[in-house]
Structures are given as C-alpha cells and as structure tokens.
Amino acid sequence: MRRWRSLRLLAGAAVIVAAVAIAVLAPLIAPYGPLEQAPELNNRPPLWHDDSGELHVLGTDPLGRDLLSRTMYGARVSLLIGATAVVLAGTIGVVLGLLAGYIGGAVEVLIMRLVDTLLAIPFVLLAIVSVALFGQGLVGLILILGLTGWLGYARIVRGVVLSLKEMPYVEAARAVGAGPARLLRRHVLPGVWTPVIVVATQQVGAMMIAESSLTFLGIGIPPTIPSWGAMIADGRAYMTLAPWVAVFPGLALTITVLAVYFFGDGLRDVLDPRMRL
Amino acid sequence: MATYVVRRLLQAVVVLWGVSLIVFFLLRLAPSDPITLLLAETASPQQIAEAQHELGFDRPVYVQYLLFMERAIQGDLGRSLFYKEPALGVILRALPNTLFLGGIAFVLSVAVALPVGILSALRRDSVWDYLGVGLALIGQATPPYWLGIMLILVFSVNLRVLPTSGSFGPEYVVLPAVTLAAVLMPIVTRLVRSGMLEVLHEDYVRTARAKGLRERVVVGQHALRNMLIPLITVLGLQLSSLLGGAVIIEQVFAWPGVGRVAVNAISSRDYPIVQASILVVSGAFVLMNLLVDVLYAWLDPRIRVSG
C-alpha cells in the first residue's frame, strides 16, 4: 500500500519533470518549427515520411504543420499558465483568507459573501465575461484564471486561522506580547501552508484544463501561439479526415494533468495524512 | 424551521444581488463599446450619441446600475443587440435544453458513482478500490470537451451509431449527456467513497455489526442512510461545475442551451445576452442550492437549530 502511494508520487513527478523539460527545450528538440506551414502536406497521418524523407512522427495538421513539434510547444503554454495562475490564485486566496480569519467582523463578512457570490457563477461564464474585460491574450488569461480561482484557498485558510487562533500556544504567544504581524508569521502561517500546498498542486491540473477549454472556445490563447486547446479546436473540423490532429494534443494534456493529480495526491498523503481519502 | 428558511432565503437574495453587481460592472468596464458594433461605420457622431442616449450609456455608471436593477426586478434584462428581442426571453428559451441535458447527466453520474464509490469504500485497498479511484482520477484529468470529441470520433464517425451534434431527437442527447456526466462522476465517486469510509468507522455501525446484523443490513440501512444526507449538500454545490461543464459541452455538440447562446453572445459583444445568461444560470444555481438546504434541514433537524 505505502509502496503504491510513493510509486504514484514518483510516477507523477517523473512525468511532470519530463513535460517541463520538453516545454523548456522545445526549440532545441522539436523537429520542425511550430508555425512552419506546408499547405500541400496537410492532414498527413502519423509516422508519415515527406518527399525529402523527413519523418512526421504524429503526422501533420490542416495547415501542414508538424503535430509533434506543435504538441511539444503546446506544453509551454499549458504549464506556464497552470503554474502562474495557481500562484496568483493562491496568493489572493491566502491573503483574503488570513484577513477574514484573523480580523473577523465586517471584513470577514464582506470577504466570505464575495466568495459565496463568486461560487454561484459558473467559472466558465465568469471567465467569459472577464475575457470581455481583459481581452484575449496570455497575461489576460492568467489574470482571469487567478482572479476566479482563489475561492477555495480563502475558505480553507480562514477555517485554519479560526481554529489556530483558539490554540493555547497562539494564546500564549499573544499573552507574552507578540504583535499581530509576529503572530501571523510565526504561529499562524506555518499551519496554513500544508493545506494550501495540497490544494495548489491539485489546482494546477484544473487550471490547465480551464485554460485549454477557454482556448478551445476561441476566447483563451490567441491562435498565433501553439497551445493544446487551439490544436484540439483545429482538429475538430477534420474528425473524419484527420482524427489524429485532435487526438494527440488531448492525450498530451490528459497525461500531464493526470501526472499532476498523481503528484498532488501523493504529496497530500505525505504532508497531511489526515486529509487522505 | 421557518426562521431557517427565511434566513437562507435572505442569503440567496444577497448572493444574487452580488452576482448582478459583479456582472454589471465587469461588463461596463469592458473597453470595447457595443454601440460602435451596433451602428454602421458611417454613423455620424450625432447618431452615436442618440444611440448611447437611447441605451442609457450617457449617464453615470451608478445611475445605469440603478436603472438596470429597477428593470431587472420587473423581469426586463434589456434587449439583445443581436436577436433584437428581450434578452431574458432568449435565455429562458434555451434554459430548458440546458436543464434537460444537466438533469440527465446528473442522474447518470450519480447512478454510476454511487455503486462504484460504495464498492471502493467497502473493499478498501482491493483491486476494485484501485480501479474505482483510478478511473475517477482519469476522468478528472480528461478535458471534457476533448472527451466529447473523442466520443464523437468513436460513436459518430467510426461506428455511426449516434449523431454528432444538434438536437433533433432523443438520440441527440446521449453523447453530450455522457460527456457531461463524466465531469461530475469522478467528483461524486470520491465523495461517496470518502463519505462511506467515514460512516463505516462510526460507533453505530460497530454497534450494528456487534448486534450480529447481516452486512447487507449494516451497509444498506445504517451506513448508507447516514452517508447520503451530507452528500446531498455537497452535490448541490457541485451543480455549479455541472452547469459550467454544460457551457463548454454545448459548444462541442451544438446543443441549443444557455451556454451556447452565452459563448456566441460574447463574440458578437451582445452584452445584454451575456448578462442575462449569467444572472439566469446563477439564479438557477442559487435556487437549487436553496432547495437542497431546505430539504437537508427537513431531513436532519440538527441543521435547523445550529445552522
């Protein structure tokens, strides 16, 4: 049992490291440029050799671009947005959760009502409205995902702070004259980190899916940047002719997200066995 | 009970008011001006000013909001710039399709998740458990829109047994409903499994076993019932991910629901439609959660007192 758990953690970590390596090294290891078009060589099947004998391992897309190269480059957007959006969401959520839990009163009511309200709007619809506000683009998308993804952190952090506030050791620290800043930094924050890290790892996968969904809908990453969501959207129109165009980027995304979930679950078991399901 | 219901009702009103506030100001802050999209490029400044006046865009934002609220309370959410008819009507016409799709997906996912989750919990750390948890994880990691496309590839393109998209008969709902069910199924499976594991450790389950009751009675009568009550509330909260998933999946299968109308409206900058769709969907979500909470309080008297 324990072996299976650590195996899951390791397998997840290995796939994540591989995905990051591919994303970073894409310009060096991709056989073709991600935007290199060859309209006369479009929709060729996987393992296809072109006239000059060059191999296209995953075939080509409707514009004749090499699918393997595009899938490698697509990892960049996915991982970059997954990671940065989670950091942004986590930071907002932790700060607001700390404020709500520690200060209480009207601040707490205001923040928690905001959480309730945002929870009532389905995330995709909220993101769609925000696209109207921030426009389409990499930075805009990170902002949208970050600004809509913090709710869970705020709830958890507030809960932890409320329970920690009553702990004898925190009261003792306050009794010997520790100020609010010191109390938060030395006594409350350390208790907050574990659940936050666990939620954050699991949210990376959800953010990657959210980004690709919005891109698929045509309101995420602009089509000039190779991304898995846009590639799947490209392939959708050619389902009968060239199904591989939609299949491979989707597989890449699913495998990466699965690895993140494996890693997150494994991390949770290691960091906080009480949260184990 | 009455006090509890009234308090929950007030909370629901506050949440809906908050939704209206957020949606209204987000859309007013948007840099792109819907007026210029409405009129021909040759429109004179005077025509633009007239149109702005007609739509109330020349007044201060808070006045616009108050006017918007006054009309919204009377059921008027503005006219669609694209359909040239009341936005609320357009949304309410699409809503039954979304609720139908969501309802079928909900029943389907619970029907699968309940037995799988219970089996996983009862046979903890067995092959069944790993299979159940593993499938749930894979389900959670698969982007719903991609799963939809893959189902189209298998069942419509290759096997030719189901239609690809649209809504022209009962067979058209199968693929979108299965795809949407796959969004909720992993979450519910995990919830059922952890809920079941929790109640199986309760004293009353041990007592039931000690009394010599058969395992079927212990699980079916004592454990399951106690697990189902908290599950109802969590399921209510998950309706949001169900509705959110529907927005994307409707687009994949050209299903004529609210999500499809809303996504199309954003590309044509039809803000009254976007506004109305969010208010209606959030309203539906808040209402369903209100019903769930009232049902919960009715089933479990402890909530009425302490909640």
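Which kind of link do the side chains of B:Asp203 and B:Arg206 meet in? They meet in a salt bridge, at 2.8 Å from N to O. I used the rule that a salt bridge is a side-chain nitrogen of Lys or Arg within 4 Å of a carboxyl oxygen of Asp or Glu. Both residues lie in helix H9 (residues 203-210) of chain B, three residues apart, about one turn of the helix. I also looked up B:Arg206 on its own, and at 55% relative accessibility it counts as exposed. My cut-offs there: buried is under 20% relative accessible area, exposed is over 50%, and partly exposed is in between (1.4 Å probe, protein chains only).

**Ground rules**

I am reading a predicted model, where local features need pLDDT of at least 70, side-chain atom pairs count only at pLDDT 80 or more, and totals for chains, interfaces and linings use all residues. Residues are numbered from 1 along each chain as its sequence is written, chains are lettered from A and ligands numbered from 1 in the order in which they are written, and side-chain values use heavy atoms, with hydrogens and water left out.

**Confidence**

The complex gets an ipTM of 0.89 and a pTM of 0.88 from the predictor. Chain B averages a pLDDT (the predictor's confidence in each residue, from 0 to 100) of 85, and 93% of its residues score at least 70. I keep one caution in mind: where pLDDT is low, the predicted coordinates should not be read in detail.

**Chain A, overall**

I found ten helices and two strands in chain A. These are DSSP runs numbered from the N terminus, helices being H or I with at least four residues and strands E with at least two. From the N terminus on, the order is α-β-β-α-α-α-α-α-α-α-α-α. The C-alpha trace spans about 80 × 45 × 30 Å along its principal axes. Of the 277 residues in chain A, 53% are buried. I looked at contacts too (heavy atoms within 4.5 Å). Among those in chain A between residues at least 6 apart in sequence, 71% join residues at least 24 apart.

A:Asp234 sits in helix H9 (residues 228-236) of chain A and A:Arg65 in the loop between strand S2 (55-56) and helix H2 (67-103), so the pair ties together parts that are 169 residues apart in sequence. A:Asp234 is partly exposed at 27%, whereas A:Arg65 is buried at 8%.

**Helix H10 of chain A**

How many residues does helix H10 of chain A have? It has 28, running over residues 244-271. It reaches 40 Å from its first C-alpha to its last, close to the 40 Å expected at 1.5 Å a residue (1.5 Å times one less than the number of residues). The helix is mostly covered, with 21 of its 28 residues buried.

**Where the chains meet**

Chain A puts 43 residues into the contact and chain B 50. Together they bury about 4,200 Å², 78% of it on carbon and sulfur atoms; that is accessible area (1.4 Å probe) lost on being put together, summed over both parts. I found one salt bridge across the interface. B:Arg190 forms a salt bridge with A:Asp265, with the closest N and O atoms 2.7 Å apart. H10 of chain A gives the most to the side that touches chain B, with eleven residues.

**One buried residue in chain B**

Is B:Thr179 buried or exposed? B:Thr179 counts as buried, at 1% relative accessibility. It is found in helix H8 (residues 174-200) of chain B. Not counting residues up to four places away in sequence, B:Thr179 touches B:Pro144, B:Leu147, B:Gly148, B:Leu151, B:Ile249 and B:Phe253.

Conventions:
Buried area = accessible area lost by both parts, 1.4 Å probe.
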